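Hi everyone, thanks for coming. I'd like to walk you through a few side chains today, so please have a look at the screen.

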Amino acid sequence: MPRRHLRMTGAADCSLGAALRALRTELGLLAGFPAEVLAEAAEAVREPELSAHEDATDLPFLTIDPAASTDLDQAMHLERRHHGYRVHYAIADVAAFVRPGGALDAEAHRRVTTLYFPDGRIPLHPTVLSEGAASLLPGATRPAALWRIDLDSDGRTVATDVRRALVRSRAKLDYAGVQRQIDTGTAEEPLALLRDIGRLREEQELARGGISLNVPEQEITEHDGSYGLAYRAPLPAEDWNAQVSLLTGMAAAHLMAETGTGILRTLPIAPDGAVARLRRSAHALRIDWPHHVPYAEVVRSLDPTKGNHAAFLQECTTLLRGAGYTAFDHGELPDPAVHAAVADLYTHCTAPLRRLVDRYASELCLAATAGKEPPEWVREALPALPKEMAEGTRRAGAVERACVDLVEAVLLEDRVGELFDAYVVDIQERNPTVGTVHLRDPAIVGRIEGGTAALPLGERLRVRLTQAGPAAKTVLFAPA
């Protein structure tokens with residue numbers, strides 16, 4: 001679910017890197033694994049459980065990820081069929097390595113998710129698994145949950161199947177390279193179909209009332225020893241790739257719903273107050289939102305390369321608050337069961353190397369397709385999973401917020417007292433002298449206070465930086 005993302009390029013050895021390392025220590029987040037966990041991981045690599053895996057190494061899979069990624073959860077092979085398409089989507093089979101009730105399993109339940117920092121990550125599983133034996137690296141045979149999803153010519157799902165298989169990726173591609181190949185017409189058909197299928201799925205999303213937020217990444221840049229922040233808008237290839245993952249998550253949710261046992265990612269419809277607040281932000285950022293136009297239509301009209309549009313997309317993520325995980329058994333679906341942004345049943349199942357719940361979702365779907373009861377270890381874990389995932393997601397969000405605040409504070413450390421051009425994007429209803437400002441250059445969103453007059457919502461405002469630096473851990477502005 002989209003949030004404000006950060007990436008760091010070439011800045012790992014600067015003072016920012018030191019501040020981020022200190023933040024890890026302060027939050028009690030140590031990357032190392034206990035000795036017994038590492039020993040069990042090493043043993044699992046030597047003897048994975050592969051007895052139930054069929055051979056699908058003849059399919060020429062490829063992976064599409066950020067260039068530096070080595071924890072590769074998904075690989076795909078796309079093909080055209082008579083009157084439609086076939087999506088082969090291989091998801092890393094973490095259960096082939098993690099023994100239920102063992103040290104690895106217990107550690108994964110303690111960590112819940114991989115934690116991301118601008119200069120690195122704290123992984124869910126030991127890297128011998130997450131970046132090695134379980135990762136769908138090119139040229140290596142790997143165990144996977146292999147999805148086969150057939151689509152009609154309009155991109156609607158007509159058949160779904162998932163089973164355990166051994167797969168082999170032929171190529172590790174990155175988003176920029178994929179975009180370039182597709183744009184220049186040099187992509188071979190399995191890759192070129194990503195655009196065709198991605199666009200069809202985007203049309204299906206529009207038809208059912210779903211929304212994908214094309215949220216720009218906030219990127220730390222380096223030039224001649226000087227560091228800054230800028231927005232990087234996602235490439236279309238990233239959105240098309242996300243649609244294939246979304247397709248699989250929806251297929252998995254429907255499989256679980258049909259069998260009466262599962263865990264869903266749910267999101268209630270946003271309350272009227274949240275939408276009203278977003279309308280105020282749209283006005284503040286000069287976003288045209290007539291009262292008769294639905295929210296989803298406004299979002300699709302935005303250009304994330306424009307500063308005010310990028311800021312509004314960040315504000316739109318507030319409507320995603322309240323998302324959670326809901327387990328169910330004995331055929332009774334939760335209420336609500338639908339994810340409001342997806343506008344359908346949905347679950348997380350495509351990132352088991354980085355997210356605990358996905359391993360369980362895969363097992364439930366594999367059992368459903370085979371016409372079997374879920375493994376007992378899966379059923380026993382279901383009741384506690386929503387709370388575990390909520391805590392892990394909260395921790396990941398706290399890390400992300402702390403990183404954003406720290407990065408902004410460190411990068412502006414030497415600029416306290418300087419003046420900046422900003423836009424007032426929000427004000428407190430009870431105290432209109434306090435609010436939030438958006439700076440286009442550098443790409444900063446920060447708190448403003450200290451004035452005596454009400455802030456001019458939606459207006460350009462000259463502001464002075466009054467607080468920054470690693471000790472402050474956040475930035476603060478005042479009207480100039």
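I'll go through the aromatic rings, then the cysteines, and end with one glutamate.

Please keep in mind that this is a predicted model.

Let's begin with the rings. A pair of aromatic rings is described by the distance of the centres and the angle of the planes. Searching the whole structure turns up 4 aromatic pairs. One of them is Trp289 with Tyr295, a tilted pair with 6.1 Å from centre to centre and 40° between the planes. Both Trp289 and Tyr295 are buried. Together with Phe312, Trp289 and Tyr295 make up one aromatic cluster.

Now look at Phe420 and Phe477. Their planes are at 85°, so this pair is edge-to-face, with the centres 6.2 Å apart. Phe420 belongs to strand β14 and Phe477 to strand β18, so the pair ties together parts that are 57 residues apart in sequence. Phe420 is buried at 4% relative accessibility, and Phe477 is buried at 0%.

On to the cysteines. How many disulfides are there? The count is 0. Take Cys365: the nearest cysteine sulfur belongs to Cys349 and is 6.0 Å away. Cys365 is buried, with a relative accessible area of 0%.

Last one, Glu40, which you'll find in helix α2. Glu40 is buried, at 15% relative accessible area. A polar atom of its side chain lies 3.3 Å from the backbone nitrogen of Leu104. Among the residues Glu40 touches are Arg99 and Gly102.

Conventions: Residues are numbered from 1 along each chain as its sequence is written. This is a predicted model: local features need pLDDT of at least 70, side-chain atom pairs count only at pLDDT 80 or more; totals for chains, interfaces and linings use all residues. Side-chain values use heavy atoms; hydrogens and water are left out. Helices (H or I, at least four residues) and strands (E, at least two) are DSSP runs, numbered from the N terminus. Buried means under 20% relative accessible area, exposed over 50%, partly exposed in between (1.4 Å probe, protein chains only). A polar contact is a pair of N or O atoms within 3.5 Å; within protein, one must be able to donate a hydrogen and the other to accept it, and residues adjacent in sequence count only if both atoms are side-chain atoms. Contact means heavy atoms within 4.5 Å. A disulfide is a pair of cysteine sulfur atoms within 2.5 Å. Rings of Phe, Tyr and Trp (its six-membered ring) pair if their centres lie within 6.5 Å; planes under 30 degrees apart count as stacked, over 60 as edge-to-face and the rest as tilted. Lists of a residue's contacts leave out its neighbours within four places in sequence.
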